[in-house]
Amino acid sequence: MAEFKLYFSVLKYIPSPIRRESINVGVVFHIPEMKISRFQSIKSTNRLSSFDDEYDKEFFKLMMDSFHYEFDYPTSINNELSANVMLNNEVLSNPDFLRQQTNDYSNEFQFDAVNTMYTSDSDYVADINDLIKTYLYYDRPKSERITAQEVRRLLSKQLRLTGFKHIQRKPDIPSDFDNKSLFDFQIGDYFIKVISFDYAHSTTMAKEIKSALYDLDEATNNFDVSRIKIVVNDASETSNKQAYNLFAKKVEQYMCSKNNNIEIVSLSKFTSSKF
């Protein structure tokens with residue numbers, strides 16, 4: 001199964017250059033190997049109107065249409081022939097296509113830096129859907145939002161392109177009960193654990209959080225583990241705010257009592273971290 005690179009960038013809506021508050025409103029994808037480019041915009045604007053009750057509905061729709069026009073190739077998101085006939089195979093083969101195309105936006109609509117991950121002809125549809133679920137989190141019903149396993153899979157693929165050295169999957173830090181690793185990755189002396197706050201039932205989420213806290217205690221008491229990064233989906237802080245804040249408070253209390261370095265970080269911030 002041949003692998004190739006998938007490039008993507010998140011589009012943010014920033015109504016005030018002074019406040020700099022933002023909300024994700026789209027994601028653009030580019031696969032040079034397949035010579036395709038796609039833009040996915042949010043479908044539901046309910047959260048957008050809560051974020052900015054003065055936003056111009058018609059102007060917003062016009063901008064989303066213009067992004068589809070610029071980035072959908074060779075067909076639109078509805079599999080109709082793209083209006084942008086100016087693009088050609090040579091342009092779409094260029095790995096810098098997204099960076100060049102997204103650089104010029106600097107007003108209310110701004111694209112983040114272009115990220116990269118490996119995919120394949122059998123995985124790219126699922127990978128794109130996972131990225132959409134990650135960055136356009138609130139566009140889906142709760143039952144379809146991204147899981148810890150999907151975040152873990154995306155993280156694994158992105159880590160291969162980050163330039164981090166000495167990446168180890170499932171480091172030898174075994175649990176008392178099932179002998180499985182307490183962590184998902186190790187990078188140098190940092191141990192990485194992925195967790196989720198996205199569960200349909202609060203009891204399941206409570207078990208996940210309690211299990212994560214127990215794992216942290218077990219690892220730091222019984223092994224040479226003092227630097228830990230807990231990776232969560234980008235929307236975790238707002239998707240279940242009460243649970244997230246309680247977990248963060250517990251982690252902070254644990255750090256103070258144990259003198260450990262434990263950081264909770266979103267998937268997007270983690271992949272741009274420096275170790």
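Ile187 has Tyr190 of strand E8 as its bridge partner. Strands here are DSSP runs of E with at least two residues, and helices are runs of H or I with at least four, numbered from the N terminus. The model is predicted, so to speak of local features a pLDDT of at least 70 is needed, with side-chain atom pairs counted only at pLDDT 80 or more and totals for chains, interfaces and linings using all residues. Residues are numbered from 1 along each chain as its sequence is written, and side-chain values use heavy atoms, without hydrogens and water.

Strand E7 (residues 185-187) runs antiparallel to E8 (residues 190-194), and three bridges join the two; strands count as paired if DSSP finds at least two bridges between them.

Ala219 is buried, at a relative accessible area of 0%, where buried means under 20% (1.4 Å probe, protein chains only). Beyond its neighbours within four places in sequence, Ala219 contacts Ile173, Leu182, Phe183 and Val225; a contact has heavy atoms within 4.5 Å. Leu182 lies 37 residues away along the chain, yet the two C-alpha atoms are separated by 7.1 Å.

How values were computed:
Buried < 20%, exposed > 50% of the residue type's maximum accessible area, 1.4 Å probe, protein only.
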